[in-house]
Amino acid sequence: AKEDLRHILQRIDGRGYPAYRDLEGTYRFGTFQLVIEHVQSDPFAPPSRFRVEMGLDRTGIPGELYADPVRRTAMEDFILRTAHQRLKGWRQRRGSGKSGLIEITEPSQVVIPRSAVEIGHSRLTVRFVVGLPARGRTVLGRQAEEMILEDIPAWVEESFLWKSMDQNNARDHVALAVDQAALRRWMAEEKVIAFVADGAILPRESGQSDKPMGRGAVPFRSPESLRREVRLPSGRSVTGLAILQGITLICGGGYHGKSTLLRALEQGVYNHIAGDGREWVLTDPTAVKIRAEDGRWVRGVDISPFINDLPYGKSTDQFTTESASGATSQAANIMEAVEIGATTLLIDEDTSATNFMIRDARMQALVAKEHEPITPFIDRVRQLFDEWGISTVLVVGGAGDYLDVADAVIAMESYIPKDVTAEARRVVEQFPSGRKAEAVGPLPAKPVRKVRELGRRPKPGDKWKVEAKDEHLILYGRERVLLQAVEQLVEIGQTRAIAACLRILTERADGRSSLAELVRQLLVEMDQKGFAALAGSRGCPGNLAMPRPHEVAAAVNRLEGLKIV
Ligand code: ADP
Ligand code: MG
């Protein structure tokens, strides 16, 4: 129990830092259990891993606030935000290195499951790190007693007990998630792939910050012809722009807010917190941003719908390269997104390869189709919808030929959208593009690849690690997996979870299962067992966040050693 902890600390006071190892174990406190999972090797090493377990009945949190997965995720997120907030301004220095630190993951603007706070069947689990205090490398037992026996219990009381939570905020936080889920259900029923509410604030503070722009932000206002109103479970109604399945263009002059709208749609696969400005900007959760990414690795992807008959007969139905071009990388990104189950593609002209997007009448006249391996996206986008059920939202400022294939055309004017679909139809009649469709024949079957291996499997005893270096970089053994172009990652915790997934999938790939099956299976396990499904030899860290299957697959797809059957 707690008293054992005190005894150990008194015994090791003044000894060398490794004596702290004696603390590893489980201790019973009044209302909770404290588990010291892993003690750091010295005051400068990554801090020690702690876990608090509390019976849910002990927390006093009303059961209806975590009764189903939507509410549970929202409540976990609320608890984490509270716990993180309450640590601010605490005394955090008690000696050398990380001495005195108590830290829990900082949540971003989105509400997603994280390993820092998990509500299980009967228990609340909280994972955090502690810098065990030392002077130089000498154990400071008194300070450690203060931290572990006074500070941590006080923080636990302030953060995890219903009586000390901001109860109105907690209820609002959960009610928002319930409304968002209801709006998403409505969208699916009404074949709406994206909803942007009136009053939404889309621009961000800066390129570095995901917080809303303050002064000067122009609130979103939907064009009347595309406006829908939805009543939500809380009783509140929202109105806003509903983008339907099919092909939607966002056009308009430079600097009028096109990319900002698309970016908000990219992030709308996640739910955002109140006050973010995008809490009512929701997108098909399987939507994937597609961009050119020249230089990326591509492993055995069928890009033949877009690129065929390369010079010197290089095949494209199992296309492999160490350095893709703009067009081939964009084609691979689309096929990989389809493979993992995307039903909406989001594309911005700003980050696309021009020759992938369009070949106009004049180029068609100058360069015969026999000499052009690329079938531009404009000639496949309709088939993607008709044959595969995949919608596209496309930002175009320059390529007017796209008006031919659009179901809806929205023009941004000084950050305000206008429905110009009818006008666009007139323009199409008045100024025919003169181009010939280049797609010959239907699309093949949707891509499915069986994975033989992700990379060389480590032998027992090998020093082989997979770890997230930053939000967009994973080290897989010696290999650097570049995720700069994977734009829908929102928290480094997701990247860490993806690194853990790569480790597990490396073991599992055997040439029998498809990539999509492997990834989905693992995410189902995370759904059922929580983040413990990703635990390594040192248990489950408290800094993981739930990725989408799309981003897990995106990382697999960028591995050098990926081998397809
Ligand atoms: P485009 O893609 O049409 O060229 P952007 O979306 O890049 O334009 O927007 C240009 C600038 O306008 C950006 O700096 C962005 O932050 C700002 N901006 C976009 N939308 C709004 C808005 N609703 N209110 C205020 N500023 C905005
Ligand atoms: Mg732009």
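Around ligand 1, the shell splits into eight nonpolar, seven polar and one charged residues (nonpolar means Ala, Val, Leu, Ile, Met, Phe, Trp, Tyr, Cys and Pro; charged means Asp, Glu, Lys and Arg; the others, Gly among them, are polar). Keep in mind that this is a predicted model, where local features need pLDDT of at least 70, side-chain atom pairs count only at pLDDT 80 or more, and totals for chains, interfaces and linings use all residues. Residues are numbered from 1 along each chain as its sequence is written, while chains are lettered from A and ligands numbered from 1 in the order in which they are written.

**Ligand 1**
- Of the 16 residues around ligand 1, Gly-257, Lys-258, Ser-259, Thr-260 and Tyr-415 come nearest (near means a C-beta atom, placed from the backbone, within 6 Å).
- Helix α6 (residues 258-267) gives the largest share of that shell, three residues (helices are DSSP runs of H or I, at least four residues, strands are E runs of at least two, and both are numbered from the N terminus).

- Tyr-255, in the loop between β13 (247-252) and α6, has a positive phi near 70°.
- Lys-191 sits in the loop between α5 (167-189) and β10 (192-197), and its phi is about 55°.

**Domains 1 and 3**
- The domain assignment, automatic or from a database, gives domain 1 (2-165), domain 2 (288-430) and domain 3 (451-564).
- 17 residues of domain 1 are in contact with 14 residues of domain 3 (C-beta atoms, placed from the backbone, within 7 Å).
- On the domain 1 side, β7 gives the largest share, three residues.

Notes
Contact = placed C-beta atoms within 7 Å.
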